[in-house]
Amino acid sequence: MDLNFSSSFLLLILMLVLVFGSMNASSIGINYGQIANNLPAPDDVVALVRSIGATKVKLYDADPRVLKAFANTGVEIMVGLGNEYMSKMRDSKQAQIWINSYLQPYLPHTNITCIFVGNEVLTFNDTVLTSSLLPAMQSVHTALQNLGLDKQVTVTTTHSLAVLQTSYPPSSGAFRPDLTPCLTPILSFQAKTGSPFLINAYPYFAYKANPKQVSLDYVLFQPNQGIVDPSTNLHYDNMLFAQIDAVYSALGSLGYGKLPVHISETGWPSKGDNDEAGATVDNAKRYNGNLIKLVAQGNKKGTPMRPNSDLNIYVFALFNENMKPGPTSERNYGLFKPDGSPAYALGLPSSTSGTIGNSSGGGGATINTDTPPLPTSSSSGYLNISSATSPERCLFPGPYLSLLVPLLMELVILKF
């Protein structure tokens, strides 16, 4: 046996694992809402999630059909507890019942990693909701602790970008003073439990409000001269990254700058009403296609302010949902039509052939087939309308790496 060859070849394998693994550190997620009466069965959705290279799915409830469909796929699942649950979840016994009934039966086969309690609660200006948010988060976390699941499943909540008083320039990002007394204890809880800060950020709303002043290329990740933050001299060539860094600045001003920021919703509608500037197929294709490519390629890790932080972004949404209220745009954020066909071409190579797991989901899973009844639909992914005013994948993403390493190992075996 050639020891020099052996050590060199094994070193090559290690380098490939490190390089390609790090290229997939940033990950794209997708919001899977179901406010529609014409969507495909959850078992058929797994392949669509794979086709865009998504490794994470955010749900707005704990639909047992969906949790079962994604068993043994490796996809990370974030489960939502809607605003209608806030008062009930203040009771630790009720929180324990919910966890025991709607979450525990699917672990560990379904990779549930996070629960978000409440959707954009602080910007609804509802004092009952606001006062219930932190106690509900604490009760859910305690219920997870009681089952030894708190290290596997984190507890957080989602916020509208309207929690910010200032977002430009990014270095001056600051929370609304009236929300700070509510936010500070929530941030303290998150820092102690290790959960991410989730923000719903839509550059589309900025363009819609001021299409003559906001550069379309800047919001669509197209080539443009960008802006420079006068305080930091950091250059921004897209609005989403500027918004993320404004959130980091706001967190830092309260002493929580180390909390990771994840974008829990962002997207662009492919159709809108006459007064909804920019809601077109071409713009939706550019925004979502460029964003997915940017994250998947991994060659631009992090934001200007946090270049070494992974990007964790959930695109809104998987499907056009025909029963959502509001303007036409609300029913046209989907990457896919209800029949599973693309709403528009993203320019991504199809990867629906088993790169994550069994397409039927659930195959081989040991799950209690007596699934609990479908819970009342939790929020929906409705956008907080009142706050709206305030390409190609990497050659070797994670799924390809899983094929490459065994091949290299086979070559080693053949050599020896």
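Predicted model: local features only at pLDDT ≥ 70, side-chain atom pairs only at ≥ 80, totals over all residues.
Me: Which strands make up the barrel, and is the pairing parallel or antiparallel?
Reply: The barrel is closed and has 8 strands, in the order β1-β2-β3-β4-β5-β8-β11-β12, and the pairing is parallel. On average, neighbouring strands of this sheet are turned by 25° against each other, direction ignored.

Me: How many bridges join β1 and β12?
Reply: Strand β1, residues 27–32, and strand β12, residues 312–315, pair in the parallel sense over 4 bridges. Gly-29 has Tyr-314 of β12 as its bridge partner.

Me: What packs on the sheet around there?
Reply: Helix α10, residues 239–253, packs on the sheet and touches β8 (197–200), β11 (261–266) and β12. The direction of α10 makes about 135° with that of β11.

Me: What does β11 pair with on the β8 side, and over how many bridges?
Reply: β8 and β11 pair in the parallel sense over 4 bridges. Asn-200 has Glu-265 in β11 as its bridge partner.

Me: How many bridges join β11 to β12?
Reply: β11 and β12 run parallel and are joined by 2 bridges. Thr-266 stands opposite Val-315 in β12.

Me: Why is β11 described as largely enclosed?
Reply: 6 of the 6 residues of β11 are buried, so the strand is largely enclosed by the rest of the structure.

Me: Turning to helices, which strands does α6 lie across?
Reply: Helix α6 lies across β3 (76–81), β4 (112–119) and β5 (154–160), and runs at about 155° to β5.

Me: At what angle do α5 and α6 pack?
Reply: Helix α5, residues 92–102, and helix α6, residues 127–146, pack at an angle of about 55°, with their axes 8 Å apart. That angle makes α5 oblique to α6. The crossing in which α5 passes α6 is right-handed.

Me: Which residues make that contact between α5 and α6?
Reply: From α5 the contact involves Ser-92, Ala-95, Gln-96 and Ile-99, and from α6 it involves Ser-139, Val-140, Thr-142, Ala-143, Leu-144 and Asn-146. By class, the contact of α5 with α6 has 5 nonpolar, 5 polar and no charged residues.

Me: What about α6 and α7: how far apart are the axes, and at what angle do they cross?
Reply: The axes of α6 and helix α7, residues 180–193, come within 10 Å and cross at roughly 10°. α6 and α7 are therefore roughly parallel to each other. Their crossing is left-handed.

Me: Which residues meet there, in α6 and in α7?
Reply: In α6 they are Thr-130, Leu-133, Leu-134, Met-137, Gln-138 and His-141, which meet Cys-182, Pro-185, Ile-186, Phe-189, Gln-190 and Thr-193 in α7. The residues of the contact of α6 with α7 divide into 7 nonpolar, 5 polar and no charged.

Me: How many residues of α2 are buried?
Reply: Helix α2, residues 42–51, is mostly covered, with 7 of its 10 residues buried. Those buried residues are Pro-42, Val-45, Val-46, Leu-48, Val-49, Arg-50 and Ser-51.

Me: And what covers them in α2?
Reply: The cover over the buried residues of α2 includes β1, β2 (56–59) and α3 (64–69). α2 is followed by Gly-53, whose phi is positive, near 75°.

Me: Now the loops: where is Asn-72, and what is its phi?
Reply: Asn-72 lies in the loop between α3 and β3. Its phi is positive, about 60°, although Asn-72 is not a glycine. Asn-72 is partly exposed, with a relative accessible area of 30%.

Me: Is Glu-120 buried or exposed?
Reply: Glu-120 is buried, with a relative accessible area of 5%. Glu-120 is placed in the loop between β4 and α6. Glu-120 has a positive phi of about 55°, although it is not a glycine.

Me: Last topic: is the peptide bond from Tyr-168 to Pro-169 cis or trans?
Reply: The bond from Tyr-168 to Pro-169 is cis, with omega near -10°. Pro-169 is found in the loop between β6 (164–166) and β7 (174–175).

Me: And the bond from Phe-316 to Ala-317, cis or trans?
Reply: The peptide bond from Phe-316 to Ala-317 is cis, with omega near 10°. Ala-317 has its place in the loop between β12 and α12 (398–415).

Note on methods
Residues numbered from 1 in each chain as written. Heavy atoms only, no water. Axes fitted to C-alpha atoms, helices over the stretch in contact; angles between N-to-C directions. Parallel < 35°, antiparallel > 145°, perpendicular 65-115°, else oblique. Left-handed = near helix turned anticlockwise from the far one by under 90°. Contact = heavy atoms within 4.5 Å. Nonpolar A, V, L, I, M, F, W, Y, C, P; charged D, E, K, R; others polar. Pairing = 2+ DSSP bridges. Buried < 20%, exposed > 50% of the residue type's maximum accessible area, 1.4 Å probe, protein only.
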